[in-house]
Amino acid sequence: MLKTSDFDYDLPEELIAQHPLDQRSASRLMVLDKDTGKVTHHHFYDILDELSAGDVLVLNTTKVIPARLIGQKVGGTAAVEVLLLKRSTARPDCWECLVRPGKRLKPGARISFGDGRLEAEIVGMTDAGRLVVFHYEGIFEEVLAELGTMPLPPYIHEKLEEPNRYQTVYARQSGSAAAPTAGLHMTGDLLAAIKAKGVDICEVLLHVGLGTFQPVKEEDAMAHQMHSEFYEVTDEAADQLNRAKSEGRRIICLGTTSVRTVESAVEAGKVKAGQGWTNIFIYPGYTFQVTDALITNFHLPKSTLLMLVSALAGRETILKAYEEAVAERYRFFSFGDAMFIR
């Protein structure tokens, strides 16, 4: 049995980063050799020294939407929070959402936002929450941008003064309920320098759902159900990755969402272009088909993402590195520091 408790560690609360640093690339960078377990300490801008001409760096170009809405139940007085998770294919303007307080909001209930400029109608139930249809005039994305706020993780208690700091500099395709946080360290200048060094940039897409970051509650980790997330790999990206693999070049994913995208797209040993939904769960024992190295943040205890990095470097190696990160006072989670597993 894969025991969830085997992926726990002690983290002082003061090491949970509450805000991003003034300079994106000034965060610290732990470099971990997955074969030897050796750890060295750097800054994120030093990632340029870790990359070589011919490497392929995989980026997830998803863009976070202002997915948190605060409104009021029609016919009531209590405040209601609606958090958009993913767009449904069932009908137009329909989303799977988390709704709080959920017990009072059954199918047929309606919620008003912005003095009625946006109204949500609950039309069904899902394992994760509610199916909600939105009614509005104009363009939904523009209405959402006006009335919604960034859906910061629950462990961040401070207000984000600059919403764009919860976006990567290469974010392009709207749809995520959470940021691919490893990419928050990257700057335009650093990305340009990486390209100038001869590193190939490969762009993929995965719209991140909140389920990715939730701790596993079951002691038997295999009983955990991953939420599905939409992904897309273009013909160009698939060709890039397959060519690099055939030539023995290193594929480095920037973020666990990039890992989950490229590993989901493998069919018969090759990356296949296309789009769809993935609930891939990567844990120790998994054989990586595409990913050789990973740039990532430090993840929550007992989370599927901690299991993913343990699959790449080994559980004991990862937990020892995390222990050192705590001792060295690294900053953890979404706005925290980074790790390069090579």
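The largest cavity has a volume of about 100 Å³, so let's start there, with what the words mean: on a 1 Å grid over the protein atoms alone, a cavity is a set of points where a 1.4 Å probe fits but cannot get out. Its volume is the space filled by probe spheres set on the points, with grid points joined across faces, edges and corners. What we have here is a predicted model, where local features need pLDDT of at least 70 and side-chain atom pairs count only at pLDDT 80 or more, while totals for chains, interfaces and linings use all residues. Residues are numbered from 1 along each chain as its sequence is written, and side-chain values use heavy atoms, with hydrogens and water left out.

How many cavities of 30 Å³ or more does a search of the whole structure find? Three. Around the largest cavity you will find, among others, Pro20, Leu21, Arg24, His185 and Phe335 (lining residues have an atom within 4 Å of a point). That lining has four nonpolar, five polar and three charged residues. Here Ala, Val, Leu, Ile, Met, Phe, Trp, Tyr, Cys and Pro count as nonpolar, Asp, Glu, Lys and Arg as charged, and the others, Gly among them, as polar.

Now to the pockets. A pocket is an open set of points with protein on both sides within 12 Å along at least five of seven lines. The largest pocket holds about 850 Å³ of space. It is lined by 39 residues, and the closest to its centre are Leu85, Lys86, Val208, Gly209 and Leu210. Which element gives the largest share of that lining? Helix 2 does, with four residues. A quick word on elements: helices (H or I, at least four residues) and strands (E, at least two) are DSSP runs, numbered from the N terminus. By class, the lining of the largest pocket has 17 nonpolar, 13 polar and nine charged residues.

The second largest pocket has a volume of about 350 Å³. Of its 20 lining residues, Arg100, Pro153, Pro154, Leu210 and Gln214 lie nearest its centre. Strand 6 and strand 7 are the elements giving two or more residues to this lining, which divides into 14 nonpolar, three polar and three charged residues.

Let's move on to helix 6, residues 304-313. Is this helix mostly covered or mostly open? Mostly covered: 10 of its 10 residues are buried, where buried means under 20% relative accessible area, exposed over 50%, and partly exposed in between (1.4 Å probe, protein chains only). The cover includes strand 1, helix 5, strand 18, helix 7 and strand 19.

The contact (heavy atoms within 4.5 Å) is made by Leu306, Val309, Ser310 and Ala313 of helix 6 and Arg315, Thr317, Ile318, Leu319 and Tyr322 of helix 7. These residues divide into six nonpolar, two polar and one charged.

Last stop: Thr261, found in helix 5. Why does Thr261 count as buried? Because its relative accessibility is 0%. Thr261 touches Val204, Leu205, Leu206, Tyr231, Glu232 and Val233, not counting residues up to four places away in sequence.
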